[in-house]
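Here are my notes on this model, for you to read beside the coordinates. I have kept them to points you can check for yourself.

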Amino acid sequence: MPLTPFAKRLSHEVAMTSPSLAAIILAAGKGTRMKSRLPKVLHPLAGRPLVAHVIAAVETLAPERVVVVVAPGMTDVAEVVAPHQTAIQTRQRGTADAVGAAHAALSGFTGDVLVLYGDTPLITSETLTALVAARTGPGQPAVAVLGMRPADPGAYGRLVLADDGSLSEIVEFRDATPEQKAIDLCNSGVMAVDGARLFELLAAVSDDNAKGEFYLTDIVGLARERGLGCAVVEADADELIGINSRAELAEAEAIVQNGLRGAAMAEGATLRDPASVFFSLDTVLGRDVVVDPWVVFEPGVVVGDNAHIRAFSHIEGATIEAGATIGPYARLRPGARIGPGARVGNFVEVKNAELEAGAKADHLSYIGDARVGSDANVGAGTITCNYDGFDKARTDIGSGAFIGSNTALVAPVTVGDGAIVGAGSVISRDVPENALALTRAPHAEKPLWAERFRGRKSAKHKEKG
Ligand code: UD1
Ligand code: CA
């Protein structure tokens, strides 16, 4: 079962589209504080790009359109967000200007517009649903803003409330007075806006502020000036953290990992040291799986019931079936399929290869582009030589076969069912079923030769000495 709730919101649930809702996700910012060549929103969190987290949360509301605003040349972001459309913000002149860049993509749309930031990845669909609902709540506000009270309000924009508890304006930290800086209610950046008013409000935003940018946050004050209502919906600050630096990325990772660990245990897995196990959002664990300390699950891993993942294993794109044992110190790479009850031991690397039920590779091996038949035994130090510098080739090991230690299987090659390969062999031709194959040089032996050798040598050295 998937690790709810974090995984749940990425499950692309099929829902009816909501014709009255569109979402704009801002992702064109330079992300300067990340000091990275990679666009900020593509930095991975629990194995998924930041922006993909936001999209997944939004998708559960089934908006009619999703538009991601990117900077020119961000084709890598466009690829990640496809099939959703992207709009290009020519110059990064602020969040209001960025929303404006989505205008053409929303032509003809008059419903509610949800604005989100691509760098706020922990937002949940429940919170978004509550925010959208506020638009039709008391006073029918034209703008509903998601607020939070983080332990450290830092440089977030501050939400200034009117006496009646409605939202009066948002001030950016750099533009705030000392009294406003003391406000602990902060802007998460997420808002739901009446689509019939949004672009008219944006057009009135100026760049007369500390950063010389067009702030989206100004639309609140502008809406009030026009007699429109604005409201705040408060949500958990942990869910609304914005990622601007590597340190904040690490904080968010810690929050997500804690959630995933908790979910894994709640679903029936034992984590002996939860803090040292790292999951991806899509990791799926069965019942009674035991995970020892220091295990990393990269994306695409499914683990069956009763499997045991031992310490220091690194697993990516692999399927581990019921009752299998992995590690300690195993590396499973994409396309590894470990069958029921099979064993992959220490310093064994498996890539694009299947170990069928009960097969064993317990020590020091590389198994790539291969099938290891049921109950076959792959001895210590066996290598499938799958690559000649140009092409990959397959190795097929039959059921019940026994591969002696330190064997090189030069692919393409087949070892038949029940065959035995002698230790230290280099196998480059197919081995028939139940045959013995060995390429070992014959064993030569000279009785007492060593003793005579030592006698000769020591006599010579005495003469000299
Ligand atoms: C913004 C809010 C602040 C809020 C904080 C929450 C504004 C003016 N400020 O500040 O009130 O507390 O988020 O995390 O909105 N972007 C563009 N184009 C631009 C500028 C930004 O697409 O020209 C995108 C960025 O890629 C990012 C998002 O908008 O995804 C937010 O921009 P960022 O510069 O991080 O805003 P903050 O200073 O964090
Ligand atoms: Ca930000």
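1. A polar side-chain atom of glutamate 172 sits 2.6 Å from an oxygen atom of ligand 1. Threonine 95 places a polar side-chain atom 2.8 Å from a ligand 1 oxygen, and for asparagine 244 the corresponding distance is 3.3 Å. A polar contact here is a pair of N or O atoms within 3.5 Å; within protein, one must be able to donate a hydrogen and the other to accept it, and residues adjacent in sequence count only if both atoms are side-chain atoms. Of the 760 Å² of accessible area that ligand 1 has on its own, the protein covers 91% (Shrake-Rupley method, 1.4 Å probe).

2. Please keep in mind that this is a predicted model: local features need pLDDT of at least 70, side-chain atom pairs count only at pLDDT 80 or more, and totals for chains, interfaces and linings use all residues. Residues are numbered from 1 along each chain as its sequence is written, chains are lettered from A and ligands numbered from 1 in the order in which they are written, and side-chain values use heavy atoms, with hydrogens and water left out.

3. Which residues are the closest to ligand 1? They are Gly29, Gln89, Tyr117, Glu172 and Asn187, in a shell of 24 residues (a heavy atom within 4 Å). By class, this shell has seven nonpolar, 11 polar and six charged residues; Gly counts as polar, and Ala, Val, Leu, Ile, Met, Phe, Trp, Tyr, Cys and Pro as nonpolar.

4. The structure holds 16 salt bridges (a side-chain nitrogen of Lys or Arg within 4 Å of a carboxyl oxygen of Asp or Glu). One of them pairs aspartate 184 with arginine 149, with the closest N and O atoms 2.8 Å apart. Aspartate 184 lies in the loop between helix 5 (178-181) and strand 10, and arginine 149 in the loop between strand 7 (143-148) and strand 8 (158-161), so the pair ties together parts that are 35 residues apart in sequence. Helices (H or I, at least four residues) and strands (E, at least two) are DSSP runs, numbered from the N terminus.

5. Now the backbone. Most residues other than glycine have a negative phi, and most peptide bonds are trans. Alanine 82 and proline 83 are joined by a cis peptide bond, with omega about 10°; proline 83 is in the loop between helix 2 (75-81) and strand 5 (85-88). The bond from alanine 411 to proline 412 is also cis, with omega near 5°.
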